[in-house]
Amino acid sequence: MMNYSIERKRVWVAGHRGMVGSALVRRLQLENCEVLTVSRSEVDLKDQMAVRAWTAREKPDVVFLAAAKVGGILANDSYPVDFLYDNLMIEANIIEAAFRNGVEKLCFLGSSCIYPKFAEQPIVENALLTGALEPTNEWYAIAKIAGIKLAQSYRKQHGADFISAMPTNLYGPGDNFDLNSSHVMPALIRKAHEAKLRNDKTITVWGTGKPRREFLHVDDCADACVHLMKSYSDFEHVNVGSGEDVTILELTQLVCEVVGFKGEIVHDLSKPDGTPRKLMSADKIRSLGWKPSIDLREGLAATYGWFKANIN
Ligand code: GDP
């Protein structure tokens, strides 16, 4: 059931250079709307006055808030200020400027790490704030929880139609493949690819390989966000996931298969496992009429293709 049309609207994708933002820009090409973007050199999203001025001038009708400082388990743990302060500023500036300038609808994008470390699995939306967070990414998580609450506060106090979507671990074209700051999927693609080229006997994964993670292709995520923009208007955030998870070891085996690396998998136990399991319930988004269309192997193969084509 659609309740909001983005047809002929001016749609701002904040964070259009990122993996999610660029997928949103691709997805919005299929819609009859005008996509707005602004470069980092033109507007620093951490600068309130710059964000207000740009928003007042460009007058978007619709905002996808996909701009964020993001990174994997090690980056999160090493740069707490960047993950907390940068994200608080970016989301507060954009949400405030959107309201001030009469934006009709905004979708804030968060992350599955907002949930308690030991939340019951699969994690339902109302598990938010029922327990302590995973310490390796709590800086990012706290910023994202504040973003959800800020969107809710504008709905409660001013009736603004601001919603929030919480994607699971995403992967796909445009991902960060730097081994020190990336998430697990791009890291494994790169490691397997390089190990194959060097004829290595082994590939090293961080931790025990036992943690379970859910993965969603970023094009599915973008499609879900557009779907929510058109069909969902309520307080509570909505999980955006596949509803299925794998162990890190299973993921490594799949990556090695797709890449064609036949060596042995070894573990670096000096690196953290992070949260033991992070599978979100997909019931709510399914009941809203959306499901993913790209399965893990197919999405991984496509992402490996993108990596090889864009390696430099
Ligand atoms: P998380 O979902 O916030 O924990 O973030 P990551 O995607 O960075 O890590 C997911 C899991 O994959 C953790 O248990 C990591 O220890 C594990 N992992 C295994 N090998 C790697 C690797 O090379 N890079 C990263 N980032 N994680 C890895």
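Ala, Val, Leu, Ile, Met, Phe, Trp, Tyr, Cys and Pro count here as nonpolar, Asp, Glu, Lys and Arg as charged, and the others, Gly among them, as polar. The model shown is predicted, so that local features need pLDDT of at least 70 and side-chain atom pairs count only at pLDDT 80 or more, while totals for chains, interfaces and linings use all residues. Residues are numbered from 1 along each chain as its sequence is written, and side-chain values use heavy atoms, with hydrogens and water left out.

View A. On a 1 Å grid over the protein atoms alone, a pocket is an open set of points where a 1.4 Å probe fits, with protein on both sides within 12 Å along at least five of seven lines, and lining residues have an atom within 4 Å of a point. The second largest pocket holds about 260 Å³ of space, a volume being the space filled by probe spheres set on the points, which are joined across faces, edges and corners. Its lining has 15 residues, and those nearest the centre are Phe215, Ser242, Glu244, Asp295 and Leu296. By class, this lining divides into seven nonpolar, two polar and six charged residues. Strand β8 gives the most to the lining, with five residues; strands and helices are DSSP runs numbered from the N terminus (E, at least two residues, for strands; H or I, at least four, for helices).

**View B. The shell around the ligand.**

View C. In a polar contact, two N or O atoms lie within 3.5 Å of each other. A polar side-chain atom of Arg213 is 2.8 Å from an oxygen atom of the ligand, and a backbone N or O atom of Asp273 is 2.5 Å from an oxygen atom of the ligand. Taken alone the ligand exposes 530 Å², of which the protein buries 97%, with areas from the Shrake-Rupley method and a 1.4 Å probe.

View D. A side-chain nitrogen of Lys or Arg within 4 Å of a carboxyl oxygen of Asp or Glu counts as a salt bridge, and Arg27 forms one with Asp223, their closest N and O atoms being 2.7 Å apart. Because Arg27 lies in helix α1 (residues 19–28) and Asp223 in helix α7 (residues 218–231), the pair ties together parts that are 196 residues apart in sequence.

Key. Polar contact = N/O pair within 3.5 Å; in protein donor to acceptor, adjacent residues only side chain to side chain.
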